[in-house]
Each structure stands twice: as structure tokens, then as C-alpha cells.
Amino acid sequence: MVCPKCGSENVTSQVITETSTKGKTKGFGWIKSCLGFLIFSIPGILCGLCGMGKGKTKTKTSTRVIHVCQNCGNQW
């Protein structure tokens, strides 16, 4: 393989794996908080925190190859 910038044949190839996540996480649950308040009074408000941070997320992984010239540092 030849570098398009300097014409050198001193080129290495690297495989890069990229991972991205998409999704929505749950926040404070007002309905759970109100029910907790009715049952347990003031400490019951903390029931709204149950399940916080959980949610549906999708993970996408992609792989690509990058060539790097060892003489000039050009990447393509």
C-alpha cells in the first residue's frame, strides 16, 4: 500500500471498533413518590427514586480500518 500524500510504502493498518449507545433512562417517578407519601408519609417520597437510571438502551458497534503512514503521519 502506498501513502497518497508522500508516496511511501511504510504504511500500517489499524482496525478501530466504535461503540455508541442510544436510549432514554428513567428519572424520578412522581407517581411512585405520591403513593409512597400516602403510605409512609415524608420518607415515602424516596420511593420515587426506585428504578431511577434504568431504561431501554440500544448499543451499536461499528468497525472500520484506518491506514497510517509511518513517515508523514497521514491517515486515511
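What share of the 76 residues in the protein chain is buried? I started my notes there, and the figure I got is 17%. A reminder to myself before going on: this is a predicted model.

**Overall layout**

I looked up the elements next. The protein chain has two strands and one helix, and reading from the N terminus they come in the order β-α-β. I then checked how spread out the chain is. Its radius of gyration is 26 Å, while the globule rule gives 11 Å for 76 residues, so the chain is more spread out than a compact globule. I also took the box around the C-alpha atoms, along the principal axes, and it is roughly 75 × 20 × 15 Å.

**Surface and contacts**

I noted an accessible surface of about 6,200 Å² for the protein chain. Carbon and sulfur atoms hold 59% of that surface. For contacts, I looked at those with a separation of 6 or more, and 67% of them join residues 24 or more positions apart.

**Ser8**

Ser8 sits in the segment before strand 1, which spans 11-25. Is Ser8 buried or exposed? Its relative accessibility is 11%, and the cut-off for buried is under 20%, so Ser8 counts as buried.

Which residues does Ser8 touch, leaving out those up to four places away in sequence? I listed Met1, Val2, Cys3, Cys69 and Asn71. With Asn71 there is also a polar contact between the side chains, at 2.6 Å.

**The cysteines**

A disulfide is a covalent bond between the sulfur atoms of two cysteines. The cut-off I used is a pair of cysteine sulfur atoms within 2.5 Å. How many disulfides does this rule give? The count is zero.

I checked both cysteines by hand. Cys3 is in no disulfide, and its nearest cysteine sulfur, in Cys72, is 3.7 Å away. For Cys69 the closest cysteine sulfur is that of Cys6, and at 3.6 Å it is too far for a bond.

Last, I looked at how covered these two are. Cys3 has a relative accessible area of 2%, which makes it buried. Cys69 is buried too, at 2% relative accessibility.

Terms used:
Residues are numbered from 1 along each chain as its sequence is written. This is a predicted model: local features need pLDDT of at least 70, side-chain atom pairs count only at pLDDT 80 or more; totals for chains, interfaces and linings use all residues. Side-chain values use heavy atoms; hydrogens and water are left out. Helices (H or I, at least four residues) and strands (E, at least two) are DSSP runs, numbered from the N terminus. Buried means under 20% relative accessible area, exposed over 50%, partly exposed in between (1.4 Å probe, protein chains only). A polar contact is a pair of N or O atoms within 3.5 Å; within protein, one must be able to donate a hydrogen and the other to accept it, and residues adjacent in sequence count only if both atoms are side-chain atoms. Contact means heavy atoms within 4.5 Å. The radius of gyration is taken over C-alpha atoms; the globule rule is 2.2 Å times the number of residues to the power 0.38. Accessible areas come from the Shrake-Rupley method with a 1.4 Å probe; for residues, only the protein chains shown count as cover.
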